[in-house]
Amino acid sequence: MYWDTVYSMKETQPNILLITSDQQHWNTIGKFFPEVKTPNLDRLIEKGTYFNRAYCPNPLCTPTRSSMITGQYPSAHGAWTLGTKLKEEKLTVGDLFQEEGYDVSLIGKAHFQPLMETEEYSSLECHPKLRDLDFWRNFNGPFYGFNHVELIRNHTDEAHVGQHYALWMEEKGFKDWRKHFASYWNDVDYDPENRTEPQEHSWTLPEKFHYNTWTTERSIARMERCANEGKPFFLWASYLDPHPSYLVSEPWASMYDPNEITLPERRVREHQNSPPHIQKTQMENPDFSDLQESEHENHGCHSHLKSEDQLRKDIAVYYGMVSMMDHYIGKLLDGLEATGQAENTIVVFTTDHGHYYGHHGLTAKGPFHYEDGIKVPMIVSWPGKVEKDVVSPAIQSLVDLPVSFLNAAGIKVPYHMQGMNQLSVWKGETTEVRDHAIIENRHQQTAIHMKTYVDRRYKITVYCGREYGELYDLETDPDEYENLWDKPEFSDLKSELILKFLHAEMAKEPIEMPRIAVA
């Protein structure tokens, strides 16, 4: 079942520390790919379990992040793509933890709302409000079930900088922070005479004012406060890296030599059987007008061609962003230990979705469901409850997090949540609770509307209203070079998987309440 009405008896209320990165490729964990240095994530794995088949419910920020607090798929919670919002009245995991006396906080990136607003759809995460520091000085929630938030919206030097992060920089005496970030014409403090342009690779921003420093410092402060008050906490420490652009402070920007980077493997003519929009990404000036149903751009629908030199430099900085973030995650974990709460804290590390930096010739997220974009790193640690230094192939979905957290805390799970309870898998009591994952991706009403069903061996992707699709055997073709969709010898397999897909879609339909009478 996709709903869960059976929950454990409460013992000591465990704390929840959810640590997320943003747009991190699954193969950037040093323990499994030593080319990238992540000593602190490695030590977290040594204290817990790494799940190598974890998936996002959508390879875009807003839809997946909304799933991580609602326990619903984007098609159910309504924030179905970038540029939409999660309705404020949606019940979230934070609402339920607050009812049980928890301090529920979010430090870092939210992205539950768009960068613009209308009369009908308001947004706290839009221009010019992002730079209205007087507003943010007096706002710390409530926000989607979090009783306390400290927010940031910009990746690297984006003009979306502001909110609580900008306040912190000013409180630290860093008054000229604006010159390290790109300008935006619609900001309340826009100065056309002193406009700043985007930077590349090596960021002028000093490390001590980087948002990794801020996220870590403020998250530790919140845990310390809860320790002093004797209050259990649910804390989401939401880091923003390594989401492009490829930019990071020194010495991290120079940590990796571009000439020593191992480039993702490519194969000649690998896209000859790919859907048309994927083929177009390998053209100089592709035309994606057939997929345009609104005035808003389709992420990833452009040429992905880059020179090898540019790609190497980008990857080297991407790895530097991962390593810097890892360094501060280490400080965060040390801070948890220092509060004396580590033994009673469930720590989960993951990311919202994956990334492409040359895989299959792609260099950005979009309507692509290769493992690079939909599979995510995931670590679970809980002293005395979760096995140490274990790698598990059990399929996980980020939509399962709310249900699993609620069960760990002995809190009843609402019927409408669609995720599955992974607690017994995390604790090593059960091998698996799900035999598949579903990934949604709807970037236009109909033109870009795709869903993927992936099980232990196979993956099938169906496009709304299209004859083409994708089918891969992940056992014999783990890198997904051979699309079997149109091969006659696999037609029976395709039919079988489509039926399984349909059954899985029916099974995940949410219900609002149990049946309580005959009629």
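**View 1. Helices α1 and α9 cross in this predicted model.** The axes of helix α1 (residues 39–46) and α9 come within 7 Å and cross at roughly 45 degrees. Angles under 35 degrees count as roughly parallel and 65 to 115 as roughly perpendicular. The two helices, α1 and α9, are therefore oblique to each other. From α1, the residues P39, N40, L41, R43 and L44 take part in the contact. They meet D326, H327, I329, G330, L333 and D334 of α9. Sorted by class, this contact of α1 with α9 holds 5 nonpolar, 3 polar and 3 charged residues.

**View 2. Helix α9 spans residues 308–338.** It has 31 residues. From first C-alpha to last, α9 reaches 45 Å, close to the 45 Å expected at 1.5 Å a residue. How many of the 31 residues of α9 are buried? The count is 22, so α9 is largely enclosed by the rest of the structure. G340 follows the helix, and its phi is positive, near 80 degrees.

**View 3. Eight strands build an open sheet with mixed pairing.** The order of the 8 strands is β5-β4-β7-β1-β9-β11-β2-β12. Which strands are at the edges? They are β5 (148–152) and β12 (390–392), and each pairs on one side only. On average, neighbouring strands of this sheet are turned by 10 degrees against each other, direction ignored.

**View 4. Strands β1 and β7 run parallel.** Strand β1 covers residues 15–21, and β7 covers residues 233–238. They are joined by 5 bridges. Within β7, A237 stands opposite I19.

**View 5. An open sheet of 3 strands has the order β10-β3-β13.** Its pairing is mixed. Strands β10 (375–376) and β13 (396–397) stand at the edges. Each has a single partner strand, so one side of each is left without a neighbour in the sheet. Strand β3 (residues 54–55) pairs with β13 in the parallel sense, over 2 bridges. Which residue of β13 is the bridge partner of Y55? It is S397.

Key:
Residues numbered from 1 in each chain as written. Predicted model: local features only at pLDDT ≥ 70, side-chain atom pairs only at ≥ 80, totals over all residues. Heavy atoms only, no water. Helix = DSSP H or I, 4+ residues; strand = E, 2+ residues; numbered from the N terminus. Expected span 1.5 Å × (residues − 1). Buried < 20%, exposed > 50% of the residue type's maximum accessible area, 1.4 Å probe, protein only. Axes fitted to C-alpha atoms, helices over the stretch in contact; angles between N-to-C directions. Parallel < 35°, antiparallel > 145°, perpendicular 65-115°, else oblique. Contact = heavy atoms within 4.5 Å. Nonpolar A, V, L, I, M, F, W, Y, C, P; charged D, E, K, R; others polar. Pairing = 2+ DSSP bridges.
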